[in-house]
Amino acid sequence: MLQFARFAATRAAMAVFTLLLVSLIVFTLMELVPGDCAERYLAFKNTQGQSITVEDIEAERIRLGLDRPFLERWTSWLGNVFLHGDFGQSCILRMDINNLLGDKFLISLGICLAALVFAYLIAIPVGIIAATSKSPLLNNVLRFVSYLGLAMPNFLLALIIILISTVMFGDTLTGLFSKEYRDAPWSFDKLMDFLSRAWLPVLILGWSATAFALQTVRALMSDEIGKLYVTAAEARGISGARLLWRYPARHALGPIFNSLGFDLNRIFNELPIVALIMTLTEAGALLIEALARSNDQQLAGAIIFLLTASIVAVNFLTDVLLALVDPRIRKGILG
Amino acid sequence: MTLLSVENLTLEFDTDEGRITAVDDVSFEIAPGEVMGIVGESGSGKSVTAKSLMKLNPGNSVYSQRSRITLMLEDGPVDVLSLKSARELQVVRGGAISMIFQEPMASFAPAITIGDQMVEQLQLHRKMTKKAARDLSVEMLERVGISEAGKRFDQYAFELSGGMRQRAMIAMALSTSPKLLIADEPTTALDVTIQAQVIDLMKDLVAEYGMGIVFITHDLGVIAQTADHVAVMYLGRMVEHGPVRDVINHPAHPYTRGLLAALPDLEHLDAPLTPVPGDIPSPLERPSGCVFHTRCPIAKRGRCDVEVPAMTALEATIASNHSAACLALNDPHWMG
């Protein structure tokens with residue numbers, strides 16, 4: 001038990017170290033963009049008709065602390081993020097990033113996680129059946145459907161669904177909240193309203209993720225089924241569902257767990273485009289806004305950092321979970 | 001008395017490239033307490049033959065109409081090839097027949113303890129309580145010479161050494177008291193020193209439990225130490241069969257002679273090894289006539305590539321049941 005706590009602590013320390021490294025990269029990237037925050041903000045003001053002098057820029061720079069050395073600014077940004085969860089101010093919008101993000105990041109992450117769960121809830125049983133079935137019809141149908149899922153971009157599926165729903169039901173099914181709830185505080189009704197609408201983006205994001213996960217599960221299962229220990233168990237008279245679940249399926253779980261963090265990342269990457277089409281202003285769109293439109297490095301950095309932190313957290317959890325489930329890893333830890 | 005009789009076993013695999021013959025008209029018998037060795041190169045069909053005894057070959061296997069595998073049990077004979085459902089097959093799979101494999105590491109499920117796998121099998125076949133199954137398993141582990149058996153019971157295969165894994169595999173295979181043990185190259189993956197221990201252990205256990213053993217190997221040296229009878233297989237056909245000493249001292253088939261000549265001779269280490277010439281043909285290009293004629297030093301054109309030789313008893317050793325399938329046999333004018 002003690003060794004296990006030590007293992008978890010080591011993994012947690014490694015996760016924190018990864019995050020530190022990521023924060024350094026993110027912060028450096030933010031710095032690499034030509035011009036600093038003072039210049040960009042005042043240039044923005046300039047376009048609004050104010051005249052700006054070099055002295056104004058210098059003064060703004062000092063006000064924002066941009067005259068301090070790079071390492072000092074990184075550590076203070078880091079301290080705020082890690083200790084207070086405070087991402088500072090947006091460069092262009094001059095608003096607290098925390099307020100700006102609000103629950104948007106959590107909503108986005110929730111949709112992605114739901115898509116991930118949805119994908120594996122389908123992929124695991126179907127992948128296992130596909131790997132064990134000898135029916136060429138079933139296998140060809142599954143292959144066709146999953147290649148369709150892999151090949152068809154999410155936004156196309158989103159457009160098709162919007163088109164169909166508009167024509168058939170007169171409702172576009174876009175957005176994450178009905179009008180009356182959009183700015184209302186969270187309540188049970190708002191949650192219900194959210195859920196009644198969130199399933200569609202989850203479905204669309206889950207669609208290609210399922211296709212991908214299905215191929216993974218199927219390949220891993222086919223691999224396991226061909227192994228000698230399965231034949232050996234069969235030779236001992238073990239058969240049917242017991243043979244399948246206790247032997248190959250259980251042993252294929254490890255690599256599946258390991259791919260979860262990677263899948264989350266992929267789903268999150270696809271979210272902005274789907275969000276754009278479905279006008280989900282609460283999710284993803286902010287990242288595009290920050291990166292592409294307003295060049296708001298502070299905001300983009302915060303979002304990227306939060307995303308990385310989520311992936312690192314998922315990887316940490318799957319590592320610990322895998323160590324609990326797989327004796328090879330567990331015994332390696334316990335020594 | 002016979003324990004197992006295999007008659008005219010012919011097995012083909014249905015593949016995209018067409019039917020591939022894996023075993024061609026093989027017949028043999030095993031008595032209780034007898035060790036029957038099957039020797040051959042890889043691809044000779046020896047493993048496939050052994051797996052047929054439990055109907056363990058993949059789903060694309062087609063057994064011919066004439067194939068018969070009969071197992072004599074106390075409740076009467078069992079026609080193995082007619083067993084269909086998983087429940088029926090349990091009679092042979094882990095019930096009357098146990099099998100141990102070449103790779104002891106790979107034949108244990110990596111994430112299930114050795115004990116769990118042993119208990120699972122015992123509960124399945126002998127309707128034992130968990131406690132009784134555990135006690136018997138630990139006893140079996142002790143019996144095969146595993147120290148600290150109680151501790152090993154709760155360990156995983158990767159925590160044991162190679163020799164110990166194979167002992168554990170033997171313990172698991174014997175725990176259900178099978179009538180027949182199939183050992184598919186059980187010592188090939190082990191160190192030479194461990195090989196001898198495992199072979200001795202198997203010989204002791206056969207004597208003690210009075211079961212039959214099918215011992216598959218490509219190593220004639222191992223066969224000489226272990227088996228009572230030996231069958232030599234080539235490309236799915238049995239080419240020679242007889243008591244192990246007869247076959248090794250007086251090999252009748254050119255292929256058997258080739259295998260024996262290929263063994264290093266410890267007394268003349270400088271003498272060059274004589275490999276069997278050529279390669280084993282692809283199963284897709286099965287030679288006509290005698291399957292060995294493409295590599296046979298004494299093959300005659302117009303005879304060996306046309307006629308399929310039948311298993312014939314050797315005149316000189318007819319009493320000991322030594323037979324081989326070669327047209328040159330019992331033909332004094334062949335070489336002349």
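Predicted model: local features only at pLDDT ≥ 70, side-chain atom pairs only at ≥ 80, totals over all residues.
1. The crossing of H5(B) over H7(B) is right-handed.

2. Which residues bring H5(B) and H7(B) together? From H5(B) come Leu136(B), Ser137(B), Met140(B), Leu141(B) and Arg143(B), and they meet Ala168(B), Ala171(B), Leu174(B) and Ser175(B) of H7(B). By type, the residues of this contact between H5(B) and H7(B) are six nonpolar, two polar and one charged.

3. The largest nonpolar core has 99 residues, and Met36(B), Leu180(B), Ile182(B), Ala183(B), Ile213(B), Val214(B) and Val239(B) have the most contacts inside it. Helix H7 of chain B (residues 162-175) gives the most to this core, with eight residues.

4. Leaving aside residues up to four places away in sequence, Leu180(B) touches Leu3(B), Leu4(B), Ala96(B), Ile97(B), Met211(B), Gly212(B) and Val214(B). Another core, of 53 residues, lies apart from the largest one, and includes Ala209(A), Ala211(A), Ala300(A) and Ile303(A).

5. Now to chain A as a whole. Its secondary structure comes to 15 helices and zero strands. The C-alpha atoms of chain A fill a box of roughly 85 × 60 × 35 Å along the principal axes. Chain A has 335 residues, of which 29% count as buried. If we take the contacts in chain A between residues at least 6 apart in sequence, 71% of them join residues at least 24 apart.

6. Within chain A, one helix pair deserves a look: H6 (residues 104-132) and H12 (residues 260-277) pack at about 125°, with axes 9 Å apart. H6(A) and H12(A) are therefore oblique to each other, and H6(A) passes H12(A) in a right-handed crossing.

7. On the H6(A) side, the contact is made by Ser108(A), Ile111(A), Cys112(A), Ala115(A) and Leu116(A). H12(A) contributes Leu260(A), Asp263(A), Leu264(A), Ile267(A), Phe268(A) and Leu271(A). Sorted by type, the residues of the contact of H6(A) with H12(A) are nine nonpolar, one polar and one charged.

Terms used: Residues numbered from 1 in each chain as written. Chains lettered and ligands numbered in written order. Axes fitted to C-alpha atoms, helices over the stretch in contact; angles between N-to-C directions. Helix = DSSP H or I, 4+ residues; strand = E, 2+ residues; numbered from the N terminus. Parallel < 35°, antiparallel > 145°, perpendicular 65-115°, else oblique. Left-handed = near helix turned anticlockwise from the far one by under 90°. Contact = placed C-beta atoms within 7 Å. Nonpolar A, V, L, I, M, F, W, Y, C, P; charged D, E, K, R; others polar. Core = buried A, V, L, I, M, F, W, Y, C linked by C-beta atoms within 7 Å. Buried ≥ 20, exposed ≤ 12 C-beta atoms within 10 Å, placed from the backbone.
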